[in-house]
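Biologist: Hi, could you walk me through this model? I'd like to go through it bit by bit.
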Amino acid sequence: MLAVVAKGTDPAEPLGGLYVGEWPEAAVRGEWTTVTVHAASLNHHDLWTLRGVGPGTRRVPVVLGSDAAGVDEDGNEVIIHPVVGDPAAGGGDETLDPGRTLFGEEHDGTCAQRVAVPVRNLVPKPPGLSFEEAACLPGAWLTAYRMLFRKAALRPGDTVLVQGAGGGVSTALITLGAAAGFRVWVTGRSEERRESALRIGAHDVFSAGARLPARVDAVMETVGEATWAHSLRSLRPGGRVVVSGGDNRNHAAGRPGPYLLPAVDDRRIHPGHTRRPTGTLPVLRRAPAVSGHRPGAAAGTGPEWLPSAAER
Ligand SMILES: NC(=O)c1ccc[n+]([C@@H]2O[C@H](COP(=O)([O-])OP(=O)(O)OC[C@H]3O[C@@H](n4cnc5c(N)ncnc54)[C@H](OP(=O)(O)O)[C@@H]3O)[C@@H](O)[C@H]2O)c1
């Protein structure tokens, strides 16, 4: 089959290890099955692997890609949930399983014509989404969903600051946050990306580190050291910082964070990983179908798909 593979890694020349060509299919075992991939999305995780950073490097050569949509062996259109883990080992949450991995780490990834996946990782694809749109949902959009609706405890009308205008998770945060009726403020390093944030639903944009007109109810932090102090300065007392990652500090050295969280006063920090067990995907998949929102499309309104109290 045709596959996109990290054959080697190099912090300085990451594309030097990239191979696109014939590759053997992974064997299917136990409760696993094969999905014919129709679309896979690029995640920064794949670039980190090529740079020699993170768990993707444990098993090089490895097929890249953690997110995809395709067709299962029975002909059903499916989205592939990217986390391979044991819920029992994570106290009911597979993302907390110390042994959990993403596709493209211990197991070959989704940038291939076919990928072997656990049956439990398959979620029906909403018919209203294209395969390309559906392939964007698993990592970045599910992370954004959990940050906004499970961790931040925001209500319509609240103000949320998204640090970073053009990132994968940021894009999803802006779109979902605007659709949910939050006032979305965004910082970005370039005019072009700030304008793009406005197009997908941001209510106001600011240059990185700029003083905001008011303190916000929650900050979505996916950047790292470069924005951390600003995140804390911008937060109202009792507000929440939700952290899904922080890689920027060591980009130059070819290494991601983690960086140390400074002491905080009465503001609340909500760290913890934001990828979700398979059970959340059916919740997220309602969003584009009901609200007209699509990964990559302009924002509107659609409070119908806000999680119910039971789902929060
Ligand atoms: N993507 C996923 O599926 C996923 C899932 C769970 C957790 N995460 C974690 O979330 C974090 C972000 O992931 P991502 O995929 O969204 O990454 P990404 O697409 O590379 O986005 C990085 C973001 O960081 C901003 N940024 C980087 N360096 C900066 C600096 N020096 N100053 C200000 N802003 C800076 C960028 O801002 P500009 O827009 O201005 O360039 C951009 O918004 C990572 O730690 C990742 O591990 C990602």
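Modeller: Happy to! One term before we start: helices (H or I, at least four residues) and strands (E, at least two) are DSSP runs, numbered from the N terminus. This is a predicted model, where local features need pLDDT of at least 70, side-chain atom pairs count only at pLDDT 80 or more, and totals for chains, interfaces and linings use all residues. Residues are numbered from 1 along each chain as its sequence is written.

Biologist: Thanks! Where does Trp228 lie?
Modeller: Trp228 is in helix H5, which covers residues 225-234.

Biologist: Is Trp228 buried or exposed?
Modeller: Trp228 counts as buried because it has 22 C-beta neighbours inside 10 Å. A residue is buried if 20 or more other C-beta atoms lie within 10 Å of its own, exposed if 12 or fewer, and partly exposed in between, with C-beta atoms placed from the backbone. The buried residues of H5 are Thr227, Trp228, His230, Ser231 and Ser234.

Biologist: And what do the buried residues of H5 pack against?
Modeller: They pack against four strands: S11 (159-163), S12 (183-188), S14 (216-221) and S15 (235-243). Contact here means that the C-beta atoms of two residues, placed from the backbone, lie within 7 Å.

Biologist: What about Arg211, buried or exposed?
Modeller: Arg211 counts as exposed, because it has 8 C-beta neighbours inside 10 Å. You'll find Arg211 in the loop between strand S13 (204-207) and S14. Its C-alpha atom is 7.8 Å from that of Ser234, 23 residues apart along the chain.

Biologist: Switching topic: which residues come nearest the ligand?
Modeller: There are 27 residues around the ligand, and Gly139, Gly164, Gly166, Gly167 and Gly245 come nearest. The elements giving two or more residues to that shell are helix H2 (131-151), helix H3 (168-179) and H5. A residue counts as near if its C-beta atom, placed from the backbone, lies within 6 Å of the molecule.

Biologist: Which residues touch the most other members in the largest nonpolar core?
Modeller: Ala144, Leu148, Val160 and Leu173 do, in a core of 69 residues. H2 gives the most to this core, with 12 residues. Domain 1 (2-125) and domain 2 (136-305) both contribute, so the core lies between them. Such a core is a set of buried Ala, Val, Leu, Ile, Met, Phe, Trp, Tyr and Cys residues joined through C-beta atoms within 7 Å, and the domain bounds come from an automatic or database domain assignment.

Biologist: What is Leu173 in contact with?
Modeller: Leaving aside neighbours within four places in sequence, Leu173 contacts Ala144, Met147, Leu148, Val162 and Met220.

Biologist: Now helix H1, how many of its residues are buried?
Modeller: Six of the eight residues in H1 (44-51) are buried, so to speak mostly covered. Among what covers them are S1, S2 and strand S8 (101-102). Just after H1, Gly52 takes a positive phi of about 90°.

Biologist: What order do the strands have in the open sheet of three?
Modeller: The order is S2-S1-S4, with antiparallel pairing. Strand S2 (18-22) and strand S4 (62-63) are the edge strands, each pairing on one side only. Strands pair if DSSP finds at least two bridges between them, and S1 (residues 2-6) and S2 have five.
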